Amino acid sequence: EEALEALRSTTHRLDQTEALTRTDELTGLTNRRGFAAHIEQRYVGGGLEGHTLILVDCDRFKSINDTYGHLAGDRVLQSVANLLRAVAGADDIVCRMGGDEFCLLLRGHTRDEAERIAGYISDSARMLERMHNRPPQMTSLSIGACMIDHAPEGGWDHWYAQADDALYRAKRQGGDRVEWIG
């Protein structure tokens, strides 16, 4: 019995360690490694058709860190994480890709619904930025998005590149906006 209990305890600790390696420490969101594993599982489970990929990047984030310090920057990242977590449904996944870039993978939404969600994220960030600006607790967001409607030859990388192109178009146009590919 003692050996069995020790095995259960060890298994539990290994499960906790595995979960920690897939979780962003600052925001509590899935990290890039966990997101990649999630994408792989979705491919095995039938693919990503019917999903929407939304990439989110904090506008002027370096300026916040430089002006107010890294603790203020951390609060902004946590606020963005909370906003994305609040709009995510049970079948969606929110991820901090790294730095000030986030990802939201929506499942089972029409283009109109996904556009409303992306617009809500952008509008909410803008409103929160105005309400809490000294020190900032939020910043405006640049958002790039695309619908995943088929399995391209390039697989997941194709869709990520599409959303990334839309994100950088939003950044080039001054940020604080949502851009779509397709």
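Phe-102 in β4 is the bridge partner of Arg-96, and Arg-96 also has Asn-31 standing opposite. This is a predicted model, so local features need pLDDT of at least 70 and side-chain atom pairs count only at pLDDT 80 or more, while totals for chains, interfaces and linings use all residues. Residues are numbered from 1 along each chain as its sequence is written, and side-chain values use heavy atoms, with hydrogens and water left out. Helices (H or I, at least four residues) and strands (E, at least two) are DSSP runs, numbered from the N terminus.

**Overall picture**

- The protein has 6 helices and 6 strands, and from the N terminus on they come in the order α-β-α-β-α-α-β-β-α-β-α-β.
- Along the principal axes, the C-alpha atoms fill a box of roughly 65 × 40 × 25 Å.
- Of the 182 residues, 43% count as buried, where buried means under 20% relative accessible area, exposed over 50%, and partly exposed in between (1.4 Å probe, protein chains only).
- Take the contacts (heavy atoms within 4.5 Å) with a separation of 6 or more: residues 24 or more positions apart account for 68% of them.

**The sheet**

- The 6 strands make an open sheet with mixed pairing, in the order β1-β3-β4-β2-β5-β6; two strands pair if DSSP finds at least two bridges between them.
- β1 and β6 (177–181) sit at the edges with a single partner strand each, so one side of each has no neighbour in the sheet.
- As background, strands of a sheet pair through backbone hydrogen bonds, either parallel or antiparallel.

**β3 and its partners**

- Strand β1 (residues 30–31) runs parallel to β3, and 2 bridges join them; Thr-30 has Cys-95 of β3 as its bridge partner.
- β3 and β4 form a hairpin with 2 residues between them, and Gly-99 in the turn has a positive phi of about 55°.
- Because 5 of the 6 residues of β3 (residues 93–98) are buried, that strand is largely enclosed by the rest of the structure.

**β4 and β2**

- β4 is also largely enclosed by the rest of the structure, because 6 of its 7 residues are buried.
- β2 and β4 pair in the antiparallel sense over 7 bridges, and Glu-101 in β4 is the bridge partner of Asp-57.

**Helix α5 and what it packs on**

- α5 lies across β2 (51–58), β4, β5 (141–148) and β6, running at about 155° to β6.
- The axes of α4 (residues 70–87) and α5 (residues 111–131) come within 11 Å and cross at roughly 145°; axes are lines fitted to C-alpha atoms, for helices over the stretch in contact, and angles run from 0 to 180 degrees between N-to-C directions.
- In the contact, α4 supplies Leu-83, Leu-84 and Val-87, and α5 supplies Ile-117, Tyr-120, Ile-121, Ser-124 and Ala-125.
- Those contact residues divide into 7 nonpolar, 1 polar and no charged; Ala, Val, Leu, Ile, Met, Phe, Trp, Tyr, Cys and Pro count as nonpolar, Asp, Glu, Lys and Arg as charged, and the others, Gly among them, as polar.
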